[in-house]
Amino acid sequence: MVNCCGLITANKDPVPLKSIEVELEVRDHVATVVSTLNYENKEDKPLEAVFVFPLPGDAAVCHFSAQIGQTQIVAEVKEKQKAREEYDDALSSGQQAFLLEESEQSPDIFSLSVGSLPPGESASIRLDYVTELAVQADDGLRFCLPAVLNPRYQPLGSGGSGGVQVTSVPASLVPYSLSFSARVSSPRPISKVESSCSLDPLQYLNSEQTQATIKLAAGHKFDRDVELLIYYKDAHQPTAVVEAGQASAELGSLMGDPVVMVSLYPEFPQSVMSSVASCGEFVFLLDRSGSMDCPINNSKQQETRISSARDTLLLLLKSLPMGCYFNIYSFGSSYEHIFPKSVEYSQQTMEEALKKVGEMGANLGGTEILSPLQHIYSQSCIPSQPRQLFVFTDGEVGNTKQVLDLVKKNSGSHRCFSFGIGEGSSSALINGLAKEGGGHAQFITGTDRMQPKVMQSLRFALQPAVVDISVTWDLPKGVSVTVLSPPITALFQGQRSLIYAQLTGQSPKAAEGCVTVKYSLAGHPSQNQLRFSLKPAEDTGSTVHRLGARTLIRSLEMEERERRGQPDGGLKEKVVQLSVQSGVSSSFTAFIAVNKADGEAIQGPLVRRNIPIAWMGVPPSKSRNLRMGAAIFKRDCCIIGSPIAMACSLQLDDEFEMADDVPPVMPKQPPRDPLLQLVSLQQASGCWLLDPALSAALGKTSEEVDKSKPAPVNSDVWATVLALIWLHGFKKDAKEEWELLAMKAASWLRSQNAPCLTECVEAGNALLGCSMQKDVLGL
């Protein structure tokens, strides 16, 4: 099966996409990406090629053009159905045409149709987009060029049949190459740039180290997402960039007026942040679809996504505060929950949950995330226990917009924290869940460990909820503001909030503006303020305008979906008008380019070719559990049927077609990590019990541990002190993973008013060969 995966037709005809060139320019936290796709028709017939590919979910596609020989065609943005009709008319009359459109189901999937490419002809397609770079838990800015388009699971009854088929092939057989280079500039020095792919050394362009270039090392295979993590010094400084309007655009319009992009990093009073919440309803939603049985990264082949998720749930459950409530859901083609409704956190409920978690495998079939979300939201909230939803998925769904609409509808009753696991997870889904749910998104790729990122999000969830958020503007007389961004619904310590706004009117030279964010935190009114110059920045092009337009377009699209079937006040027309005016893609428009240069019509029947997408590391031995085909991109018009070799299209997340007598294969368990072994022994209250299992986890015999215990010290106090010393002494590099459960242990110890605690710590240091002080342990 694997040998034929790179071949699309029954006759083993080659695909025409030959190479992809990508140039990235990063200015502070905004990226402009220029991609060039080079096609060549080596067949003896005219060709129509279809390439379905991923882009970041919050990207704004803003330019599309084609070069054929000496002729360049620049695409226009038009209403989608008109663009499709113009494309079909061009093909039927023998003209060359190009169509770029966004998926109906997910804003991070695009389809590029290259029509009527004559025999022996080459075409070069240029695609530009702009996007914001998300801030990671370690303050790095993440850029991801998706190399992998995992098959998106279409829920039953969603109308996903009969669309463009995405054929997934092994990366080694993808018949096109990739070159990638990046230029980074910032007002602040660039500390470093990291990647899961091999890079050439970072080249600084000035002595201040505020400009640098980087590129992929030679020999890179497009077998994984190209992910860059960019680190600046003093990354948490608030900034504002004012971009001048286009001279050719009408004053008073979005593109004709200046647009400001404000980046805020709220700082909360330390007195409030020092108190960790001791309440809440924590609901964990875990993906158990077939693809969760894939390796989590390329360096630890034995660790699967599902096994890492199980370990993460262990840390989460041990770190929860006493007095909270929790439940665990898991989903595939169906969904399960451990308790009928959320239960109070106790030793008994924690043990019951951990037992069920240990039995979880990637054996629930497809990825139907909508149904469990609907069930969770149907449950009544618990008074004085704010709901916190944690979603773990590799993000391969086809009904992204429907899922996000549901989360937004229920955003007033919970905060949603989302985690994209492995290569190819949908950024539109992961970022959208957090954005619409007022939470925070994390991606676990490359050699990342899931646990520290998830625990960072738990810290956010334990922060007091920020309420009564308002944004006010103070501008010179004669200047008014129209905010393009939706209202801010969530603020977290140290996390960025972006605001786009259109500025109308004339401002005096050297004028300043001021934006103030006010909010209430734990009953205390607070505010953060930023003053900024209204003088437009130089050399920003139209990046800020396009990102502002994209933000407004997405808000209007979601509002239109909410009102579907009701009068919408012309929302669709507003989106189309804004999309055409700004040149930014939307779900209601498409880019269309037709070569109308004089020349003979292209003769011969049109042959359709579908370009394959790399799939990641699914061994052929697992193929018996996988159904074929992945229809993800629905077209209203007819799709020309080409002889696609369907046996080569692997669908990870469809229902398993296993014989009734064949039990699901549970993943082989690697040896337990010593840290997780120790954590697994902690009680819900935060203490450890003195028993042989603890001694073994500490690397000591029961006799050694018992003999070293100071006589007046309670055995549970002694056990807990030893566990804390071991964590601080031997697992300091993993502190992000165990810090919360250690705080709970220290709190338990303080509540015991144990005598001789100093003597106890000294004896523990002597036994374990450490030198920890009481204050370091939180005592």
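Colleague: What makes Lys-401, Leu-404, Asp-405 and Lys-408 in helix 6 partners of Met-558, Arg-561 and Glu-562 in helix 9?

Modeller: These residues of helix 6 and helix 9 meet, where contact means heavy atoms within 4.5 Å. The residues of this contact divide into 2 nonpolar, no polar and 5 charged. Here Ala, Val, Leu, Ile, Met, Phe, Trp, Tyr, Cys and Pro count as nonpolar, Asp, Glu, Lys and Arg as charged, and the others, Gly among them, as polar. The model is predicted, with local features needing pLDDT of at least 70 and side-chain atom pairs pLDDT 80 or more, while totals for chains, interfaces and linings use all residues. Residues are numbered from 1 along each chain as its sequence is written, and side-chain values use heavy atoms, with hydrogens and water left out.

Colleague: Why is helix 6 called roughly perpendicular to helix 9?

Modeller: Helix 6 (residues 400-409) and helix 9 (residues 543-562) pack at about 85°, their axes being 11 Å apart. Axes are lines fitted to C-alpha atoms, for helices over the stretch in contact, and angles run from 0 to 180 degrees between N-to-C directions. Angles under 35 degrees count as roughly parallel, over 145 as roughly antiparallel, 65 to 115 as roughly perpendicular and the rest as oblique. Therefore helix 6 is roughly perpendicular to helix 9.

Colleague: How do you know that the reach of helix 9 is close to the expected one?

Modeller: Helix 9 has 20 residues and spans 29 Å from its first C-alpha to its last, close to the 28 Å expected. The expected span is 1.5 Å times one less than the number of residues. A helix is a DSSP run of H or I with at least four residues, a strand is a run of E with at least two, and both are numbered from the N terminus.

Colleague: Why is Leu-534 called buried?

Modeller: Its relative accessibility is 9%, so Leu-534 counts as buried. Leu-534 is found in the loop between strand 32 (524-533) and helix 9. Not counting residues up to four places away in sequence, Leu-534 touches several residues, including Val-242, Leu-475 and Ser-507.

Colleague: How do you know whether Asp-28 is buried or exposed?

Modeller: The relative accessible area of Asp-28 is 11%, and therefore Asp-28 is buried. Asp-28 lies in the loop between strand 1 (17-27) and strand 2 (30-40), and has a positive phi of about 55° although it is not a glycine.

Colleague: Why is Gln-209 called partly exposed?

Modeller: Gln-209 has a relative accessible area of 31%, so the residue is partly exposed. Its place is in the loop between strand 16 (203-204) and strand 17 (211-215). Gln-209 is not a glycine, yet has a positive phi of about 60°.

Colleague: What makes Arg-459 count as buried?

Modeller: Arg-459 has 19% relative accessibility and therefore counts as buried. Arg-459 belongs to helix 8 (residues 450-462). Leaving aside neighbours within four places in sequence, Arg-459 is in contact with Lys-735, Glu-736, Glu-739 and Leu-740.

Conventions: Buried < 20%, exposed > 50% of the residue type's maximum accessible area, 1.4 Å probe, protein only.
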